[in-house]
Amino acid sequence: MIGDKTEQQFIDEVKTVFDQNVEQIDAETVSRLNNIRNIALDTAPGKSRHWILYPAGAFAAAGLAIIIFNVIQHDVSTATIKAEDIEIISAIDGLDFYENLEFYRWLEEYETST
Amino acid sequence: MQYDVLRTYTTSTRERPLEQRQELDQFLGSVQKRAFRMAEIATGNREDAFDILQDAMCRFVEKYSTRNFAEWMPLFHTVLQNRIRDWYRREVVRNRFRVWFGQSADEQDTNSLENLADGRGRSPEQQLQSRQGMEVLDQAIRQLPVRQQQAFMLRVFEGMDVTQTAKAMSCTTGSVKTHYSRAIHTLREKLDGHWP
């Protein structure tokens with residue numbers, strides 16, 4: 001019972017349990033810890049690792065700008081096509097005019113040449 | 001002049017003087033297991049503990065490796081404890097989101113000693129006999145407020161005195177005494193009947 005022990009006895013026991021537990025850490029965990037240590041050792045003193053974020057951030061911003069530009073362009077061209085479609089459909093001349101476009105172009109060229 | 005420029009250049013990354021690298025390697029090697037276990041106890045999550053330790057080691061090497069060797073231990077623990085505190089802050093935010101999305105805090109609570117004993121169908125005595133003694137202690141420590149955890153682990157596990165602990169925790173010695181005293185009192189209460 002803990003109640004029967006002095007505070008120092010309790011602390012000593014807790015420390016012993018912790019020390020034994022640390023000694024029993026498995027090989028795989030130790031291997032990962034060694035790996036982490038080596039990564040840390042390759043960190044330059046006094047240098048922030050955040051510099052890596054600057055080019056990455058710039059690259060991401062550029063990519064985002066391109067995507068937004070393309071979307072806007074796409075929207076504009078889509079909007080234009082839709083307007084043209086409406087114009088064609090609602091034209092007084094009707095669809096026959098557009099089906100004979102080649103003929104009208106030839107006629108225009110012929111009249112210009114003569 | 002040229003030598004100074006060359007020396008400045010060679011102190012970066014892998015070209016750091018071999019002697020200093022060896023000292024750092026020895027120091028980090030000597031603290032890594034205990035630091036990992038402390039982070040694991042604090043978080044209750046193995047992978048989070050690895051992340052915290054890596055972050056703490058990198059930060060320590062980056063910021064403090066040029067400092068006097070005698071300062072390394074308290075400085076390393078200062079960095080480690082700060083990382084653990086950051087983890088707690090993030091956890092608080094995550095838990096708020098969990099509550100918002102309908103999971104109650106009770107459903108999340110798997111930390112109580114009762115749950116541990118019931119979940120495995122063993123009495124606390126059997127747990128202790130089968131090398132699980134630390135698990136009972138883990139759970140009890142994890143239930144403490146973070147500042148009490150830190151004070152307890154630094155004082156008991158690392159054997160730091162009150163002043164060193166205060167430096168590592170970035171608080172006053174009075175606060176350390178209060179946190180430590182409360183932690184001991186709570187642990188004795190919680191472990192009573194679960195401890196050999």
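A:Arg37 and B:Asp25 form a salt bridge, with 2.6 Å between the closest N and O atoms. This pair crosses between chains: A:Arg37 lies in helix H2 (residues 27–41) of chain A, and B:Asp25 in helix H2 (residues 18–43) of chain B. A:Arg37 counts as buried because its relative accessibility is 13%. B:Asp25, at 26%, counts as partly exposed.

The model is predicted. The complex has an ipTM of 0.73 and a pTM of 0.63 from the predictor.

**Salt bridges**

Over all chains the structure holds 16 salt bridges. Three of them are listed here.

| Pair | N to O distance |
|---|---|
| A:Arg37 – B:Asp25 | 2.6 Å |
| A:Asp19 – A:Lys15 | 3.2 Å |
| B:Asp138 – B:Arg142 | 3.6 Å |

A:Asp19 and A:Lys15 sit about one helical turn apart, because four residues separate them in helix H1 (residues 7–23) of chain A. A:Asp19 is partly exposed at 25% relative accessibility. A:Lys15 is partly exposed at 27%.

B:Asp138 and B:Arg142 are also four residues apart, in helix H7 (residues 124–142) of chain B, so about one helical turn separates them. Both B:Asp138 and B:Arg142 are buried. Elsewhere, shared partners link A:Lys15, A:Asp19, B:Arg34 and B:Glu158 into one salt-bridge network.

**Surface patch**

A:Phe103, A:Tyr104, A:Trp106 and A:Tyr110 make up a nonpolar surface patch, together about 460 Å² of accessible area. A:Trp106 belongs to helix H5 (residues 101–113) of chain A.

**Confidence**

Chain B has an average pLDDT of 79, and 74% of its residues score at least 70. Residues 1–14 of chain B fall below 50, with 11 contacts beyond near neighbours in sequence. Residues 105–124 of chain B stay under 50 too, with 27 contacts beyond four places in sequence. Where pLDDT is low, predicted coordinates should not be read in detail.

Terms used:
Residues numbered from 1 in each chain as written. Chains lettered and ligands numbered in written order. Predicted model: local features only at pLDDT ≥ 70, side-chain atom pairs only at ≥ 80, totals over all residues. Heavy atoms only, no water. pLDDT = per-residue confidence, 0-100. Contact = heavy atoms within 4.5 Å. Patch = residues over 30% accessible without salt bridge, like charges linked within 9 Å, V, L, I, M, F, W, Y side chains within 5 Å. Areas by Shrake-Rupley, 256 points an atom, 1.4 Å probe, with all protein chains shown as cover. Salt bridge = Lys/Arg side-chain N within 4 Å of Asp/Glu carboxyl O. Helix = DSSP H or I, 4+ residues; strand = E, 2+ residues; numbered from the N terminus. Buried < 20%, exposed > 50% of the residue type's maximum accessible area, 1.4 Å probe, protein only.
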